[in-house]
Structures are given as C-alpha cells and as structure tokens.
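Have a look at the model first, then go through the points below.

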Amino acid sequence: DLHSFPTRRSSDLEPGVAALQRAADQGSLRAMLNIGNIYGEGTLVEKDRLKACQFYAQGADRFEKMDRFHPAARLIAEAFRLAARCHAEGLPAAGWPRNLKAAADMYFHAGVILGDPVGLYELAKVYLNGEGIMRNPTIAIKHLEESARKGHPPAQALLGSMMWDGKVMKKRPAAGLALLILGKERTSAEDRAWIFALYDDAIITASKDLEQDAITLAEQWKSVHGDPATNALQTVATASGEEGVPPPSRSPLRQLKGIDINQAKGADSFGSLPTGAVVPPSAPPSEGR
C-alpha cells in the first residue's frame, strides 16, 4: 500500500518532529501536512520525498468525504494538491509509480469539490496539456475563470495571456492585459519570472490607449471583487449561514465590459499555448503552507 508506512519511534526524531508525528498519528491534518513538508524539504530530518508523499496522501485519504464547507477545507485541498503532484511526478525508484490519471482526479477534488483556487488552476493546466485526461480547452478556461475570480495570480496571468494571444480563445487584448496586470501585482516569488515575462511581452506591443483601457478594467475588477482574502472570509461566512453577506458572483468575468469569456476555439484551432511550449510549472510542494 503506497499510503501506509511504519511509524518512526519518537526517540529517533527531533522533539518538534516527534510531536508532529504523534499528532499526525492521532489524525491531525495540519500535522500531516507540516511533517510532510519537513520530510519533503529535508528540514530537521533527512529529506525523504516518499515519506512526504505518504503523509500528503494519508491526509487526503482521511478527509476524502469532506466538502468545501468543512472548516478545514483549505487544508484538505492542500493535501489533495500536494498528493496530486506526487502522483504527477512519481517516485518509481521508491515504488510510487507516476500516475497522471490519479493526479488529475486529485486536482479535480481540490478545485471542484473543495473550491480551491490553486486546485482549479492546476486542473486547468491538466486539461490544457491533456495529461491523464482528454485535452479540453473549453473546460480549462472555465476552471481558469473561477480560479481568477478567487484571486489566484497565476490563473489571472495565464487566462490573460490566452485572451491577449487569441490562439485558444477569442482575442480580447484590453481584457487580457488587464488580467496580466492583476496577476503581476500579486504574484509570488515562485511565479514572478514567467508572469512578468508574459506581461512584458504584451505591454511592449500595446498602444498607450490600450494600456489605459486595461488599467481601467483592472481597477474595475478590483472594485467588484475586492481583496481575495476578504472574499474568502465572505464565502466562509455565507456558508456558515450569516446574514447580510452577499454570495460570491457565479459569473464574475462577464460582469465587466471587455473581460468576458466566450467559448474556446474548436479543437482544430487549438495550437501552441500562449506561454510557449508548456504551461507554467506547478507550485512547489511546500506552496500554500
């Protein structure tokens, strides 16, 4: 069984790691993720990617029946995402074969079942590349749209690049540049290089009028959707039954003129992605911790 392994004796571990091990044994999801990251990064203990993946999978398995309204939905989604990456990369030498279908299923669970923006983004890339599931740019755009609405900068940037480029979906330069601006403003260090490269490629050919239109659209977007952290709190409050908190928009990109999503181009016209040869890389295993 790939998801079970012998428990190390507490005396063999650093005190902090031993405490996490005990908490994980007792069913703490946060402990499973933390100790998995410790093994994955090689901090405090010898680096062991297999054990890291086993802890992530253990967390996903234990909380598989929980939905997006569970108080720990964010952590559960993280467990599914990290386990999905383990399946996508594989550890053949350690007895963990590469399984793209399993990775796609776990990204689906994180993104669609648990409503995780990073999971939606990763699932969209799976559909764009056709890894483990049939390639489908229309479904990919749908998931990118939802992830972008939730404020995930890589999703905003990738979707914006696709709108700017016009190879996968209808070309909308102002809206695409607006989304690139939004993605660029809040990008993490891990995604900074490729997002800035996409933005630079677009802005260098944009006219002053087009740039101003894009800036206006970006400001309109922020006025409608506000801060992503605030949106997340509103979603939790709504799920808890609190009154006076408006539910999140179900079709946000269509609310702003210029930033709307039409059906993706047909399969025959699906060419190279606007980001080059491949879709941007997945987040590192410790992402979201």
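1. Lys222 comes out partly exposed, at 29% relative accessible area; the bands are buried under 20%, exposed over 50% and partly exposed in between, using a 1.4 Å probe and protein chains only. Its partner is Glu185, with the two side chains meeting in a salt bridge at 3.2 Å, N to O. That term covers a side-chain nitrogen of Lys or Arg within 4 Å of a carboxyl oxygen of Asp or Glu. The pair ties together distant parts of the chain, with Lys222 in helix α11 (residues 208-225) and Glu185 in helix α9 (residues 173-185), 37 residues apart. Glu185 is also partly exposed, at 46%.

2. Some bookkeeping before you go on. This is a predicted model, where local features need pLDDT of at least 70 and side-chain atom pairs count only at pLDDT 80 or more, while totals for chains, interfaces and linings use all residues. Residues are numbered from 1 along each chain as its sequence is written, and side-chain values use heavy atoms, leaving out hydrogens and water. Helices are DSSP runs (H or I, at least four residues), numbered from the N terminus.

3. How many salt bridges does the structure hold? The count is nine, and one of them joins Arg85 to Glu89 at 2.6 Å, N to O. Both sit in helix α4 (residues 73-89), four residues apart, so about one helical turn separates them. Arg85 is buried at 18% relative accessible area, whereas Glu89 is partly exposed at 40%. Arg49 joins in as well: Arg49, Arg85 and Glu89 are linked in a network of salt bridges.

4. Arg149 and Glu146 make another salt bridge, at 2.8 Å from N to O. Here the spacing is three residues within helix α7 (residues 137-149), again about one helical turn.

5. Now the cysteines. Searching the whole structure turns up one disulfide, the term meaning a pair of cysteine sulfur atoms within 2.5 Å. It is formed by Cys53 and Cys86, whose sulfur atoms are 2.1 Å apart. Why is this disulfide called left-handed? Because the torsion about the S-S bond of Cys53 and Cys86 is about -90 degrees. This pair too links distant parts of the chain, Cys53 in helix α3 (residues 49-62) with Cys86 in helix α4, 33 residues apart. Cys53 is buried at 0% relative accessibility, and Cys86 is buried at 2%.

Conventions. Helices (H or I, at least four residues) and strands (E, at least two) are DSSP runs, numbered from the N terminus.
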